[in-house]
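Let's take a walk through this one, going from the parts to the way they pack. Have the sequence and the model open side by side.

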Amino acid sequence: MTNSIHDLGGMHGFGPVEIEPDEPRFHADWEKRVVAMMRGMGATGLWTLDGFRASMENLPPVTYLSVSYFERWCRGLERQVVAHGLVGEDELTAGRALRPGIRLNRKLTLDDVNKGGMATFERRAPAPARFKAGDSVRTRNINPATHTRLPRYARGKFGTIEAVRGCHVFPDSAALGAGDNPQWLYAVVFAGRELWGEEADPSIKVSIEAFEPYLTAA
Amino acid sequence: MPADDHTHDHGSELSEMQLRVHALETILTEKGYVDPAALDQIVENVETKIGPHIGARIIARAWVDPEFKQRLLADATKAVNSTAGLDPVSNHLIAVENTPQTHNVVVCTLCSCYPWAVLGLPPVWYKSAPYRSRAVIDPKGVLAEFGVSLPSGTAIRIWDSTAETRFLVVPMRPAGAEGWSEEALATLVTRDSMVGTGLPKSPEKPEAAR
């Protein structure tokens, strides 16, 4: 969902940033296994990164805010494996497999891990870029009920294209399993006052990485 | 207490999560979806290979080599991957330079996107609701909580990581480290200085800064 609790930019009330001196990489061993399972199951290709983000964004708001980051990952992963028919709710309850697994097209091997490398999201451009650095744009005021990467605080705002990033997988489509639908990506910079009003600090600028469908010429 | 934070004193909550995660891993393994050896190696890599020392080497190189710095700011992924002695990165990495005029800060308001390849795992505060909500609207207040105060007149630029591009702040080289080797300079580069919530350590008292 788009206007859900994950879209935190500009909200008040969460208090000061709590900084932990000499913070360890992990706070519990289970967090390590969650990271590993995320990568392992992500490699099956059954869902996209944005499909996974959407599954966490769809958590009930109270749950989203009250559990830790890696617990959100765990819950998101549970939702994904059930939604894709890989695991039954009854198996999650039982804590063990009750039926054989279904056949996967791809499974992450030790060799894959040792070879390293990360996914790239750049794609061949189906059309020339509509904007160039220096162009004035206005972000669209969109409120789709599905996943988007245009934050609420930056909708309907005037900004300037600062850089053209290339053509990338469009999260709004990929999250729905509707394919890459590649779109041009831009760095769009806004004056703090455009985002937060006349009383905002004039020395602040904020940029987002905005896909072309989020933008209109201004 | 921020709602997004991880609480350390809830023993029962921790063991509940241990059980929950163990159950999920058991099911995925029994059904043949994951290879335990591959998962173990992922954990090993995250624990021993990636971390802010990778980014620190990049920054130190940029401080001593103006030609590399120019290439880094033009295309960070390409610059890093074509330079001997640096760990390769395959993200769409973008380096942004602090100057006397402008200080850069990186955030991900929508989730917690972070340049794992060069900084390792993000700290809990980076993933927390207070940081994600306030970095874009009250960056000076946030920086103050990190003990960072900038000279008046410094503009602040926030980079919200809303796509698969990842940002690495190139902090200014501290005064007093003239003639230092690249290796010695790397010890002054902190994780937070590469996110924009900190400054490099001072050469006179390297242990004092975070």
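Buried area, as used here, is the accessible area that two parts lose on being put together, summed over both. Keep in mind too that what you're looking at is a predicted model.

Start with chain A, where the domain assignment gives two pieces: domain 1 (29-115) and domain 2 (136-217). Their C-alpha centres sit 29 Å apart. How much area is buried between domain 1 of chain A and domain 2 of chain A? About 440 Å², with carbon and sulfur atoms giving 51% of that. On the domain 1 side of chain A, A:Thr48, A:Asp50 and A:Glu57 lose the most area to domain 2, together 70% of what that side buries. In terms of residues, six from domain 1 of chain A are in contact with five from domain 2 of chain A.

What holds the polar side of this domain interface? The rule finds three residue pairs in polar contact between domain 1 and domain 2 of chain A, while the salt bridge count there is zero. The residues of domain 1 of chain A that touch domain 2 divide into one nonpolar, two polar and three charged.

Now bring in chain B. Here 81 residues of chain B are in contact with 89 residues of chain A. The area buried between chain B and chain A comes to about 7,600 Å², and carbon and sulfur atoms give 61% of it. Across this interface the rule finds 35 residue pairs in polar contact and eight salt bridges. One salt bridge to look up is B:Arg20 with A:Glu78, where the closest N and O atoms are 2.7 Å apart.

That leaves the nonpolar packing. In soluble globular proteins, nonpolar side chains tend to be buried together. The largest nonpolar core in this model has 113 residues, and those touching the most other members are A:Met41, A:Trp73, A:Val188, A:Leu215, B:Leu28, B:Leu72 and B:Tyr131. Both domain 1 (29-115) and domain 2 (136-217) of chain A give residues to this core, so it lies between them.

Not counting residues up to four places away in sequence, B:Leu28 touches A:Met37, A:Met41, A:Val81 and A:Val87 from chain A, along with B:Tyr33 and B:Val34 from chain B.

Definitions and conventions: Residues numbered from 1 in each chain as written. Chains lettered and ligands numbered in written order. Predicted model: local features only at pLDDT ≥ 70, side-chain atom pairs only at ≥ 80, totals over all residues. Heavy atoms only, no water. Domains from an automatic or database assignment. Contact = heavy atoms within 4.5 Å. Buried area = accessible area lost by both parts, 1.4 Å probe. Salt bridge = Lys/Arg side-chain N within 4 Å of Asp/Glu carboxyl O. Polar contact = N/O pair within 3.5 Å; in protein donor to acceptor, adjacent residues only side chain to side chain. Nonpolar A, V, L, I, M, F, W, Y, C, P; charged D, E, K, R; others polar. Core = buried A, V, L, I, M, F, W, Y, C linked by side-chain atoms within 4.5 Å. Buried < 20%, exposed > 50% of the residue type's maximum accessible area, 1.4 Å probe, protein only.
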